[in-house]
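The following exercises concern a single predicted model. Please work through each task before reading its solution.

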Amino acid sequence: MPRRPDTRRQTKPWRALYDSPRWQSLRRNHLAAHPLCDACLAQAHTTPATVVHHKVRHNGDAALFFRGPFESLCKSCHDRLGAEDDSRGYRRGMTGPDGFPIDERHPFNSGAPMVRRNKSRNRG
Ligand SMILES: [Zn+2]
């Protein structure tokens with residue numbers, strides 16, 4: 001079974017991308033164009049966004065980092081959704097206009113069958 005490297009504890013040299021003037025201006029422009037938290041808006045709340053979140057995990061890929069797609073989030077949604085994303089690997093509850101999950105990591109979008117694994121508890 002392939003092991004996923006634990007990136008959380010590793011040093012992330014691409015963190016410097018966040019300090020780059022290019023990102024600073026991109027972030028400012030995105031927040032100016034999308035000043036409200038997208039996740040709060042989905043719940044019919046209007047909360048000023050303070051975080052520009054990468055909807056696609058960039059893992060230091062500068063092209064992805066600057067291309068996006070992005071979403072505006074408030075700090076509390078960013079922390080909450082980030083934690084959810086990390087534990088589950090995808091985000092629940094965000095659907096597009098067609099009613100389907102917009103997170104491309106969602107099992108619905110991966111083409112993988114959605115099978116819940118049961119431990120052999122219920123087998124007689
Ligand atoms: Zn929010």
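**Exercise 1. Determine whether Ala-44 is buried or exposed, and describe its backbone.**

Solution. Ala-44 has 6 C-beta neighbours inside 10 Å and therefore counts as exposed. The scale is as follows: a residue is buried if 20 or more other C-beta atoms lie within 10 Å of its own, exposed if 12 or fewer, and partly exposed in between, with C-beta atoms placed from the backbone. Next, locate the residue: Ala-44 belongs to the loop between α2 (38-42) and β1. Helices (H or I, at least four residues) and strands (E, at least two) are DSSP runs, numbered from the N terminus. Finally, inspect the backbone: phi of Ala-44 is near 65°, a positive value in a residue other than glycine. Most residues other than glycine have a negative phi, and most peptide bonds are trans.

Two conventions apply throughout. Residues are numbered from 1 along each chain as its sequence is written. Because this is a predicted model, local features need pLDDT of at least 70 and side-chain atom pairs count only at pLDDT 80 or more, whereas totals for chains, interfaces and linings use all residues.

**Exercise 2. State which other backbone features stand out at Asn-59 and between Gly-68 and Pro-69.**

Solution. Asn-59 is not a glycine, yet its phi is positive, at about 50°. Asn-59 sits in the loop between β1 and α3 and is exposed, with 11 other C-beta atoms within 10 Å. Gly-68 and Pro-69 are joined by a cis peptide bond, with omega about 10°. Pro-69 is in the loop between α3 and β2.

**Exercise 3. Describe the span of helix α1 and explain why it is said to lie largely in the open.**

Solution. Helix α1 (residues 21-33) has 13 residues and reaches 18 Å from first C-alpha to last, close to the 18 Å expected. The expected span is 1.5 Å times one less than the number of residues. None of the 13 residues of α1 is buried, so the helix lies largely in the open. Take Leu-26, in α1: with 17 C-beta neighbours inside 10 Å, Leu-26 counts as partly exposed.

**Exercise 4. Show how the two strands pair and how the residues of β2 are oriented.**

Solution. Strand β1 (residues 51-54) pairs with β2 in the antiparallel sense over four bridges; pairing requires that DSSP find at least two bridges. Within this arrangement, His-53 has Glu-71 of β2 as its bridge partner. In β2 (residues 70-73), Phe-70 and Ser-72 point one way, Glu-71 and Leu-73 the other, and all are buried. In a regular strand the side chains alternate between the two faces of the sheet.

**Exercise 5. Identify which residues make up the largest nonpolar core.**

Solution. A nonpolar core is a set of buried Ala, Val, Leu, Ile, Met, Phe, Trp, Tyr and Cys residues joined through C-beta atoms within 7 Å. The largest has six members: Cys-37, Ala-39, Ala-49, Leu-73, Cys-77 and Leu-81. Leaving aside residues up to four places away in sequence, Cys-37 touches Thr-47, Ala-49, Ser-72, Leu-73, Cys-74 and Cys-77; contact means C-beta atoms, placed from the backbone, within 7 Å. Over the chain, buried residues make up 10% of the 124.

Definitions and conventions:
Contact = placed C-beta atoms within 7 Å.
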